[in-house]
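Here is a walk through one protein model.

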Amino acid sequence: MTMVQQAGPEAAHKLLDFVNASPTPFHAVQAAATRLEKAGFQKIRERDEWEKNLKAGGKYYLTRNQSALLAFTLPQKWQPGAGVSIVATHVDSPNLRVRPVSKRTKAGYLQVGVETYGGGIWHAWFDRDLSLAGRVVLADKSGNFTSKLVKIDRPILRIPNVAIHLNRGTEADFKFNTETEFVPILGLVESQLNATPSPSEEAAKEASSIQGNHHSVLFELLSEHLSVSPEYIHDFELHLYDTQPAVLGGLKNEFVFSPRMDNQFSSFAAVEAISTYATSSSFNVLEGNVNCIALFNHEEIGSVSTSGAESSLIPFLLQRLSPSPAAYAQSVARSFLISADMGHAVHPNYTSKYEDNHTPHINGGVVIKTNAKQRYASDSIGSFIVKKLIEKKGGKVQEYEIRNDMVCGSTVGPMLSKIGVRTVDVGCAMLSMHSIRETAGSEDVQAAIDLFTSFFEGFAELDRTLTVE
């Protein structure tokens, strides 16, 4: 069934397109940038003195290391010291990543060595039609280098289960070693015999050469998709992904069956909200906050990187918009951050895993996430603000707090709150978080967009009515 034929909310179909185009954080940032440019955003670079060229009423975005993105709009009467209204998300998800030396051969099979990334439900990766996507460092004939994205759109890898006849008991207790029993198969050894010959031994000995680290058929496949000779490939970061596309499902297409809902769902909603806002009549307001979205990398492994939430991205933006110490302090005090990450929907088969009064439902509206130990950054002030913003769009609010006898996860919210910016944690409810295929709500896509749009349109006005000493 094609997307044209399939019923469902328009926003959910746009989400499907975004996710299907984004098998890696690199691709998600590229897809976000494309949408922003369509809405009139101008690309700036961190290395430039872009603050000298800012114009009130302007729309700008920047990327860092192809894997994180900031976009912001300036009100018509913008000046340093203005607050910044930020929606922060992440674009990474648990997956498998090709090792720097991946060449493996065993029992007549070509295999690819991989490393697990994040806290995935790894057994879900068995018997899936897998492929590769990521970025490749290429040389050109003039001796320059560039990083180019690649996405192989057909199944080439598989992690096969062992037959139950050879491993009795797995139906009751499936356990496996992620180092020795979780290695994808690329092909048969005989296919290597017909591969394009590798570059000369002399080239392979060069320090920057990776030709000897991976199967030559892999280089041949990449060179075919990138339209270059294998010797022009100098390095790469490749991620495995499931080739089965994201779709709407359920009796009335009420579900989104998809990979990477955590957290491309929230990231798409943020991009769509600021893009739509920036092309609407609401964007012509004279005063108010700078509106901003931040798409981070590496949340699933702690956010400690140049492109993660613990990096300098947000602090540098605030400092460059408000360079004096007084203006910076004023900006922080006037700012507010919505940390948007997916939440846990109540599971009908595991209701005992939830606190009785905190059982969010798919398509039940935005979930405010609270934790007394500050694993989420929400407090009563932030929760109140979110509820008022949702109320303005006629939406629904749900609450989530974990049981006392379970360990709570976390988000980018608590670490970003250390800057001093008021922060609240929200998300939309989903099932199967961190599986290779997850389930979210098709109606919740618009609910998230509506919240972020309401935030961009009305936070500064709402904040002026609130007194908190």
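Which helix gives the most to the lining of the second largest cavity? Helix H7 (residues 313-321) does, with four residues. Helices (H or I, at least four residues) and strands (E, at least two) are DSSP runs, numbered from the N terminus. This is a predicted model, in which local features need pLDDT of at least 70, side-chain atom pairs count only at pLDDT 80 or more, and totals for chains, interfaces and linings use all residues. Residues are numbered from 1 along each chain as its sequence is written, and side-chain values use heavy atoms, with hydrogens and water left out.

Stay with that cavity. On a 1 Å grid over the protein atoms alone, a cavity is a set of points where a 1.4 Å probe fits but cannot get out. A pocket is an open set with protein on both sides within 12 Å along at least five of seven lines. Lining residues have an atom within 4 Å of a point. Grid points are joined across faces, edges and corners, and a volume is the space filled by probe spheres set on the points. The second largest cavity holds about 50 Å³. Its lining consists of Glu46, Trp50, Leu62, Leu70, Leu313, Phe316, Leu317 and Arg320. By class, six of these are nonpolar, none polar and two charged. Here Ala, Val, Leu, Ile, Met, Phe, Trp, Tyr, Cys and Pro count as nonpolar, Asp, Glu, Lys and Arg as charged, and the others, Gly among them, as polar.

H7 also has a buried side. Its buried residues (under 20% relative accessible area, with exposed over 50% and partly exposed in between; 1.4 Å probe, protein chains only) are Leu313, Ile314, Pro315, Leu317, Leu318 and Leu321. They pack against strands E2 (59-64), E3 (68-73), E4 (84-90) and E13 (290-296), and against helices H8 (325-334) and H10 (413-417). Contact here means heavy atoms within 4.5 Å.

Now follow those strands into their sheet. Nine strands form an open sheet with mixed pairing, in the order E1-E2-E3-E13-E4-E14-E18-E16-E17. Two strands pair if DSSP finds at least two bridges between them. E4 and E13 run parallel over seven bridges. Val84 has Val290 in E13 as its bridge partner.

Next come the cores. A nonpolar core is a set of buried Ala, Val, Leu, Ile, Met, Phe, Trp, Tyr and Cys residues joined through side-chain atoms within 4.5 Å. The largest has 59 residues, and Leu69, Phe265, Ile293, Val426, Phe452 and Phe456 touch the most other members. Setting aside residues up to four places away in sequence, Phe456 touches Ser85, Val87, Ala273, Ile274, Tyr277, Asn291, Cys292 and Ile293. A second, separate core of 32 residues includes Leu110, Val114, Trp122 and Ile156.

Turn to a hairpin. E7 (residues 130-139) and E8 (residues 145-151) pair in the antiparallel sense over seven bridges. Gly134 stands opposite Val150 in E8. Five residues separate the two strands, and Gly143 in the turn has a positive phi of about 95°. Thr146 lies in E8. Why does Thr146 count as partly exposed? Because its relative accessibility is 47%. Beyond its neighbours within four places in sequence, Thr146 contacts Val136, Val137 and Leu138. Thr146 and Val468 are 50 Å apart, C-alpha to C-alpha, and 322 residues apart in sequence.

The remaining spaces complete the tour. The structure holds three cavities of 30 Å³ or more.

How much space lies in the largest pocket? About 860 Å³. Of its 32 lining residues, Ile121, His344, Tyr354, Ser432 and Met433 are the closest to its centre. That lining has 14 nonpolar, 12 polar and six charged residues. The second largest pocket has a volume of about 440 Å³. Its lining numbers 19 residues, and Pro160, Thr180, Glu181, Phe182 and Val183 lie nearest its centre. Strands E5 (95-106) and E6 (109-117) each supply at least two residues of this lining.
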